[in-house]
Amino acid sequence: MATSIAATKRPFLTLPFLIPSLSDSLALGFRRNQSSYRRTKQRLRVKPDSSFDPSNLGHDHIIHNPPSSAPNAYHTPSKFLPADDIRKSSMVSSTTLNADDLPGVYKSMPERKYHLTPSDIEEIRNLRMNDPMTWSRNKLAKRFECSPVFIAMVCQASPEKREIQARILEAVQSRWGPKRRMAREDRQLRREAWGRDA
Amino acid sequence: MKRLQLQRWSSSVLSPRARTVNRLHQHIYGQRYQSTAPPVQTRDDQTTAIFEESSPLDEQLAQIVKESHTRHSQLQYPSPPVEAARQSAKLAALHARLYLPSRLPIETLARTLVDTSADPNPNFNNASLATLGHDLLSYYATEHLICTYPRLPLTVIFAAMYAYVGPKTLAAMAREWGVDLAALPGGEVDPGLLQFQRLDPGTELPSGPSHPTARPYEAQKNWRKTVTSKIFYDDEFGDPLKGAKHSAAGVTTEQASAEFVRAVMGAIYLHAGRAAAKRFFEQHFLSRHLNISELFNFQAPARDLTRLCARESFERPVAKVISETGRKSRHPVFVVGIFSGQDKLGEGAGASLMEARERAAVAALKGWYLYSPLSVRVPSSMEEPSALPWKPVHVDLGEVIV
């Protein structure tokens with residue numbers, strides 16, 4: 001009796017399903033999730049990870065799932081232990097993952113050739129010093145079949161070229177708006193944080 | 001169960017403040033000066049005049065005058081007299097709070113609280129105790145760090161030394177010990193307060209060394225100072241050596257508090273011996289948590305790791321993807337390991353392959369630098385009676401230099 005009175009007292013507009021035309025148009029927007037015990041159980045029924053599956057081995061074993069945290073910095077890898085440390089001999093190399101099977105970070109590792117002679121290096125320096133506009137780092141690297149990093153290791157551009165390059169960079173940066181400038185600065189800060197492990 | 005009879009022991013439990021004190025009592029024993037303003041000096045002829053006048057008065061008044069007379073006699077000293085230390089509740093409380101050995105007298109503890117800027121007389125200030133304590137602190141902290149982590153780079157050792165026994169840490173410790181500061185030093189001040197001449201507000205602190213050091217080419221300000229030269233020419237934190245400070249200008253609170261803590265260390269060593277000093281160091285300094293792995297800052301970790309592996313004749317380090325998720329999504333996560341041959345040196349996770357690789361290299365380098373031997377013994381442990389024969393500690397080649 002009391003509930004029926006309460007129901008009649010509610011404003012009519014808050015119960016849209018009572019109006020047939022309105023409830024039809026709003027049906028898509030207001031559909032509730034039809035969760036039931038059976039459906040919930042069904043969704044939770046997932047195939048376990050292969051590391052949990054004990055059937056692929058012929059014997060009993062302990063399932064060891066490594067924690068999802070980063071390794072402790074104070075744990076010295078056994079390769080880094082000095083020869084007189086007893087942990088070196090006692091530590092069993094329980095490497096489950098084979099390094100050869102893992103994919104590398106880069107698509108292809110550059111092959112190290114060590115083919116440049118001192119005369120080549122002298123030539124690189126001459127080219128860079130005499131005609132820095134033509135012989136950039138990338139061009140020299142392509143011609144001598146080495147990396148641009150190696151070119152930077154053996155020689156440096158002339159001060160005039162560096163000045164020109166700095167001015168070009170300044171001109172480019174002057175066209176940046178506040179958003180791009182801040183994004184670049186943030187990127188630099190994040191990069192510095194990698195070295196601090198922060 | 002019997003009830004506690006509060007009435008019986010309430011008088012001893014209640015603080016003395018809570019008790020009612022009549023005016024006469026207050027007047028006789030007086031209020032302690034904490035010297036917020038320089039006290040008025042009375043001339044001797046005035047006090048003698050008071051004494052002559054007071055002779056016909058009753059005994060109580062004579063006592064009041066005597067009290068004030070002794071206080072006036074205290075005013076002529078720059079720091080509290082030695083016999084005042086026994087009267088100070090603050091000093092006794094500090095002595096008890098720090099569990100200082102009973103062989104360390106209260107008077108010496110009072111002396112550790114008098115800075116050079118308050119009392120320039122070396123027989124009454126804490127300068128000599130602080131010098132001894134400073135040397136002890138540096139020695140104990142250095143040997144602990146170098147023996148526990150024999151591969152630490154020098155910059156990290158400097159930073160860790162600063163964290164363990166640097167002036168900021170010592171000042172924080174003095175604050176944690178509950179040492180209050182006197183507004184102005186003087187003979188009438190409670191000897192339980194830290195007494196020093198404060199620096200005037202707005203005074204500029206000298207940043208560089210105040211006197212010429214032994215370092216060659218000191219005048220060349222923009223020349224690079226190598227880390228190795230800092231061992232030889234600079235102090236234990238890698239900062240330039242400070243000269244003898246002039247007492248007229250005053251000192252900062254941080255300097256005065258640090259000097260006090262050092263002086264306490266020196267006083268314990270002098271009165272209670274080496275073992276007590278070492279125990280005090282372990283309980284108050286080494287017990288402070290310092291995560292050394294957070295002190296590192298690598299500029300080019302991958303390059304450093306390559307150089308390290310070449311130096312130690314390990315295989316060249318190679319970065320491999322251990323696991324990844326969401327490579328094509330907005331927030332991918334890569335877990336990259338750095339392998340030397342089949343051995344994993346380090347592992348790092350990041351939002352890009354470059355970041356994960358750099359972090360893995362950082363982890364590998366930290367794994368190298370944070371090596372700690374199993375049974376660490378420090379050289380000063382040989383000073384104990386019936387110490388085992390000394391076995392040499394691990395000495396490393398040193399940090400990677402690129």
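Chain B of this predicted model has a mean pLDDT of 84, and 82% of its residues reach 70 or more, pLDDT being the predictor's confidence in each residue on a scale from 0 to 100. Over residues 4–22 of chain B the pLDDT is below 50, and this stretch makes 2 contacts in the model beyond near neighbours in sequence; two residues are in contact if their C-beta atoms, placed from the backbone, lie within 7 Å. The pLDDT is also below 50 over residues 35–55 of chain B, where 21 contacts are found beyond near neighbours in sequence. For the complex, the predictor gives an ipTM of 0.74 and a pTM of 0.75.

Residues are numbered from 1 along each chain as its sequence is written, while chains are lettered from A and ligands numbered from 1 in the order in which they are written. Because the model is predicted, local features need pLDDT of at least 70 and side-chain atom pairs count only at pLDDT 80 or more, whereas totals for chains, interfaces and linings use all residues.

The secondary structure of chain B comprises 14 helices and 3 strands; helices (H or I, at least four residues) and strands (E, at least two) are DSSP runs, numbered from the N terminus. Of the 402 residues in chain B, 31% are buried, a residue being buried if 20 or more other C-beta atoms lie within 10 Å of its own, exposed if 12 or fewer, and partly exposed in between, with C-beta atoms placed from the backbone. Among contacts in chain B between residues at least 6 apart in sequence, 65% join residues at least 24 apart.

Helix α11 of chain B, residues 253–272, contains 20 residues and spans 28 Å from its first C-alpha to its last, close to the 28 Å expected at 1.5 Å a residue; the expected span of a helix is 1.5 Å times one less than its number of residues. This helix, α11(B), is mostly covered, with 15 of its 20 residues buried. Just after α11(B), Gly273(B) adopts a positive phi of about 100°.

The largest nonpolar core has 79 residues, of which Phe260(B), Met265(B), Ile268(B) and Ala364(B) touch the most other members. A nonpolar core is a set of buried Ala, Val, Leu, Ile, Met, Phe, Trp, Tyr and Cys residues joined through C-beta atoms within 7 Å. Helix α11(B) supplies the largest share of this core, 10 residues. Domain 2 (83–201 + 210–215 + 223–294) and domain 3 (301–371) of chain B both contribute residues to this core, so it lies between them; the domain bounds come from an automatic or database domain assignment. When residues up to four places away in sequence are not counted, Ile268(B) touches Leu100(B), Pro101(B), Leu104(B), Ala276(B), Ala277(B) and Phe280(B). A second, separate core of 6 residues includes Trp135(A), Cys146(A), Ile151(A) and Cys155(A).

Two serines of chain B have positive phi values. Ser313(B), although not a glycine, has a positive phi of about 50° and is found in the loop between α13 (301–311) and β1 of chain B. Ser313(B) counts as exposed because it has 6 C-beta neighbours inside 10 Å. Ser386(B), likewise not a glycine, has a positive phi of about 55° and lies in the segment after α14 of chain B. With 4 other C-beta atoms within 10 Å, Ser386(B) is exposed.

Chain A has 9 helices and 0 strands. Of its 198 residues, 7% count as buried. Residues 24 or more positions apart account for 37% of the contacts in chain A with a separation of 6 or more. Helix α9 of chain A, residues 178–196, has 19 residues and reaches 27 Å from its first C-alpha to its last, close to the 27 Å expected at 1.5 Å a residue. Of the 19 residues of α9(A), the number buried is 1, so this helix lies largely in the open.

The contact between the chains takes 35 residues from chain B and 25 residues from chain A. On the side of chain B that touches chain A, the elements giving two or more residues are β1 (318–325), β2 (333–340), β3 (343–350) and α14 (353–369) of chain B. The largest share of this side, 10 residues, comes from α14(B). By class, the side of chain B that touches chain A has 19 nonpolar, 7 polar and 9 charged residues; Ala, Val, Leu, Ile, Met, Phe, Trp, Tyr, Cys and Pro count as nonpolar, Asp, Glu, Lys and Arg as charged, and the others, Gly among them, as polar.
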